[in-house]
Amino acid sequence: AERASLTGYGCELIRQGAVAIAVLCGGMATRFGGVVKATVPVLEERSFLELKLCDAERAAQRTGGRVPAYLMTSFATDAELTRAARMHRNKHSNDRAQEHDSAHRKCAVPVTTFAQFISLRLTPEGQLFVGADGLPSPYATGHGDLAPALRRSGCLKEMVSEGVKHLFMSNVDNLAATLDPAVIALHALSGKAMTFEVTETRPGDKGGAPVRLDRKLQVLEALRFSADIDSRCTQLFSTNSFVLDVAALDRDFDFSWFRVEKKVDDRIAIQFERLVNELSAWMPCQALAVRREGLDDRFIPIKEPEDLEQERIRIAGVLRARGAL
């Protein structure tokens, strides 16, 4: 009964145009053999990105509302994703040309891309890392760029002007993280600026966990745990799916920069990244426990091509059950 009530309220927020989605599509496009992962076909020739947009369209159609989609790209993925966004706009422009009902003439899921930041790798000694091509080696500086990149691009200002109050953020490779009106409503009614989803920890999981730091609930990446804490003992694991209050993003955040080692051209390169989880240090937040199995599953991450082959049937079942496929 509680979920049904929340779903009703969440649908009303979507109908009012108060909800948008942000899909993290940046990074270096290396794990799928140099192909931009967001454009890789997953089901019925539909790509990760197309399925994310189909889910948003389902929510818009269900409520008669509008769900703007913002794609965070990187210098390695921007051209391909900008092209995909243009194709999406053209498709809906053609659909509208054939549509006579004025209520449907405005695109239900307008897509906008914005780029995360870029920096240059260093050697372990702190010198500029030069690649095999004789040029400095660039990299994308992490999903912690979300809030500052939204501000710099003007997307945050656009959201505010259009009445968007809640932003649902998820990774493009986690198709189980669908736009659920009940999750949006639970966040909106909480009075918190941030809701982050957590699920049961399983062997091999890498990422953030909910902790209390200085008596404040936060998401901390395992690399930030002190040496006397075994991150493998945490029972809950962050899925990197958040609902954020748009107004709370319009400020400067003093993100930490974390040292990360990468192997580039068979050599060790150093890069500094920031993490979106760290928003929880500044925002009042709550953790929402979600399932990791069955048709209510909200966490099926696909990091490598082998993961996609193993999980394709499970992804199809979840999306069909939710009407997103």
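Me: At what angle do helix H1 and helix H2 pack?

Reply: This is a predicted model. Two packed helices are described by the angle between their axes and the distance between the axes. For helix H1 (residues 2–15) and helix H2 (residues 48–63), the axes are 9 Å apart and the packing angle is about 95°.

Me: Are H1 and H2 roughly parallel or roughly perpendicular to each other?

Reply: Angles of 65 to 115 degrees count as roughly perpendicular. H1 and H2 pack at about 95°. The two helices are therefore roughly perpendicular.

Me: Which residues of H1 and of H2 make the contact?

Reply: By class, the contact of H1 with H2 has three nonpolar, two polar and two charged residues. H1 contributes Thr7, Cys11, Ile14 and Arg15, and H2 contributes Ala59, Arg62 and Thr63.

Me: Which are the edge strands of the open sheet of seven strands?

Reply: The strand order is E5-E4-E1-E8-E12-E9-E15, with mixed pairing. An edge strand pairs on one side only, as is the case for strand E5 (111–115) and strand E15 (285–289).

Me: Which residue in E15 stands opposite valine 198?

Reply: Strand E9 (residues 194–200) and E15 run parallel and are joined by five bridges. Opposite valine 198 stands alanine 289.

Me: Is alanine 247 buried or exposed?

Reply: Alanine 247 lies in the loop between strand E12 (236–245) and strand E13 (258–264). Its relative accessibility is 67%, and the cut-off for this class is over 50%. Alanine 247 therefore counts as exposed.

Terms used: Residues are numbered from 1 along each chain as its sequence is written. This is a predicted model: local features need pLDDT of at least 70, side-chain atom pairs count only at pLDDT 80 or more; totals for chains, interfaces and linings use all residues. Side-chain values use heavy atoms; hydrogens and water are left out. Helices (H or I, at least four residues) and strands (E, at least two) are DSSP runs, numbered from the N terminus. Buried means under 20% relative accessible area, exposed over 50%, partly exposed in between (1.4 Å probe, protein chains only). Axes are lines fitted to C-alpha atoms, for helices over the stretch in contact, and angles run from 0 to 180 degrees between N-to-C directions. Angles under 35 degrees count as roughly parallel, over 145 as roughly antiparallel, 65 to 115 as roughly perpendicular and the rest as oblique. Contact means heavy atoms within 4.5 Å. Ala, Val, Leu, Ile, Met, Phe, Trp, Tyr, Cys and Pro count as nonpolar, Asp, Glu, Lys and Arg as charged, and the others, Gly among them, as polar. Two strands pair if DSSP finds at least two bridges between them.
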